[in-house]
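Here is a short report on one protein model. It covers a metal site, charge pairs and surface patches.

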Amino acid sequence: MNNELNDFFEVDIATLNPTNKLYYFNPYMIEASSNIVAILKDKEFYKIVLDETIFYPEGGGQPSDRGEIEEIPVFDVKEKDGIVYHYVNELPKNSKVKSKIDFNRRFDFMQQHSGEHALSGVILKLFGGANKGFHIGEQFVTIDINIKDMTEEMLIEAENETNRYIFENQKVDQIVTDTEGLKAYPIRKEITAEEDIRVVSMGEADCCACCGTHVRNLGEVGIIKIIKAESYKGMTRISFLCGYRALNDYKEKNDIIKSLKKELSSEESMILTKVQKQREDISALKKQSDIIRKDLAKNISLNIKADETIAIIFDDVDFLTLVHIESILLEKSNTVILATTVDNKITAVTKNDAINLGQFFKENIKSYNGKGGGSKDKAQGSFETKEEIIAFYTSLMSKIVN
Ligand SMILES: [Zn+2]
């Protein structure tokens, strides 16, 4: 290792000034030159402290940035007592470093975070519901509003109103103030800090203290779309998407609609009607085929002689027919075992106390790659291949006969 960097391992963190947070002065800054001021070794990795940084650390519901320092990937960023730590697996060569953030990831978080503020502000104004939790997930952004079971109408109104502010491109101001200065702002949530309070003001949409990074104008959020709402600890958890996430969701859903149109040879407006019609058709066909299966089962059963045990493996009738055959044969037999290689399934039923079908299935079915089970007197199973069902059937037969 370069000797120059050795000294940074000796630095007492308590003597350092807080890291200068460039992402607050300009959240659009993608690259910067900074100086290493301390290095900590932690297990297999290093934590680098810079005099100033463009990397946003995890906090306030917003995940940390990713990027690189001298082309070395930064895999996590955390802040403690005003000092920002950049997590890397190797060290750069010199103490003066160039860093770069993954701006696509950052801008996504800015869109989601600013959209979240606007939606929360609107819900408070419209319905008096306060935001009690916020999370930017991989897929959705969620907020927990302290209103039990918000209705569909409330959600639509909140979404429309938030989008109106976004389309109006309301300006987003970020102000640093103290407890006294804070009195001038109609902030949405009480806060405990006394100085260096960051206020994010979004025109008529919202005003809230926040340590995250935000867009300059609400128009950059693009659009906000609520995806679902569910009950959560007596509140309503709302999942939504902003900006590119909403656009990508629209693209995916549009692709699904396009495929459905092709699959159903239908206009978009007729898709639902066509699917409903198909469901009705399937239901009618099922009823019809059940009648045919019962007739078939009756005919097949006529040619099967009464016996203590009846066991047959079929290659021309499906499992649903077997179930009908089984119930007829039970009138002239104590144990009925029927299998089919049409859909590789087996059903077994017995009135004989000496046999425990459920136990046999449980102990043996997995070694034949099958699934299933049952009780002492009745069990069913299914298999991937013809060979497996035949082998399992043979094994069960040898058990019953013995
Ligand atoms: Zn915030």
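The donor residues of the zinc ion follow the spacing H-x3-H-x92-C in sequence. His 113 lies in helix α3 (residues 103-127), while Cys 210 sits in the loop between β14 (206-209) and β15 (224-232), so this pair ties together parts that are 97 residues apart in sequence. The model is predicted, and side-chain atom pairs count only at pLDDT 80 or more.

Three atoms coordinate the zinc ion: NE2 of His 113, NE2 of His 117 and SG of Cys 210. Their distances run from 2.1 to 2.3 Å. His 113 is buried, and Cys 210 is buried as well. Buried here means under 20% relative accessible area.

## Salt bridges

How many salt bridges does a search of the whole structure find? The search finds 20. Side chains of opposite charge can pair when their charged atoms come close. The table lists some of the pairs.

| Pair | Distance, N to O |
|---|---|
| Arg 106 and Asp 65 | 2.5 Å |
| Arg 245 and Asp 108 | 2.8 Å |
| Arg 164 and Glu 161 | 3.0 Å |

Take the salt bridge of Arg 106 and Asp 65, at 2.5 Å. Arg 106 belongs to helix α3 and Asp 65 to the loop between β4 (52-53) and β5 (67-69), so the pair ties together parts that are 41 residues apart in sequence. Arg 106 and Asp 65 are both buried.

Next comes the salt bridge of Arg 245 and Asp 108, at 2.8 Å. Arg 245 is in helix α6 (residues 243-264) and Asp 108 is in helix α3, so this pair ties together parts that are 137 residues apart in sequence. Are Arg 245 and Asp 108 buried or exposed? Both Arg 245 and Asp 108 are buried.

Arg 164 counts as partly exposed because its relative accessibility is 35%. Glu 161 has 22% relative accessibility, so Glu 161 also counts as partly exposed.

## Surface patches

Which residues form a negative surface patch? Asp 178, Glu 194, Glu 195 and Asp 196 do. Asp 178 is placed in the loop between β12 (173-177) and α5 (179-182). Its relative accessibility is 36%, so Asp 178 counts as partly exposed.

A nonpolar patch is on the surface too. Tyr 244, Leu 247 and Tyr 250 make this patch, with an area of about 360 Å². Tyr 244 is part of helix α6. Why does Tyr 244 count as exposed? Tyr 244 counts as exposed because its relative accessibility is 52%.

Lys 125 is another residue of helix α3. Lys 125 counts as exposed because it has 51% relative accessibility. How far apart in space are Lys 125 and Leu 5? The C-alpha to C-alpha distance is 54 Å. In sequence, Lys 125 and Leu 5 are 120 residues apart.

Definitions and conventions: Residues are numbered from 1 along each chain as its sequence is written. This is a predicted model: local features need pLDDT of at least 70, side-chain atom pairs count only at pLDDT 80 or more; totals for chains, interfaces and linings use all residues. Side-chain values use heavy atoms; hydrogens and water are left out. Patches are made of residues with over 30% relative accessible area and no salt bridge: like charges are joined within 9 Å, nonpolar side chains (Val, Leu, Ile, Met, Phe, Trp, Tyr) within 5 Å. Accessible areas come from the Shrake-Rupley method with a 1.4 Å probe; for residues, only the protein chains shown count as cover. A salt bridge is a side-chain nitrogen of Lys or Arg within 4 Å of a carboxyl oxygen of Asp or Glu. Lys and Arg count as positive and Asp and Glu as negative; His and the chain ends are not counted. The place of a charge is taken as NZ of Lys, CZ of Arg, CG of Asp or CD of Glu. Helices (H or I, at least four residues) and strands (E, at least two) are DSSP runs, numbered from the N terminus. Buried means under 20% relative accessible area, exposed over 50%, partly exposed in between (1.4 Å probe, protein chains only). Donors are N, O and S atoms within 2.8 Å of the metal (3.2 Å for Na, K and Ca); water is not among the atoms, so sites may look incomplete.
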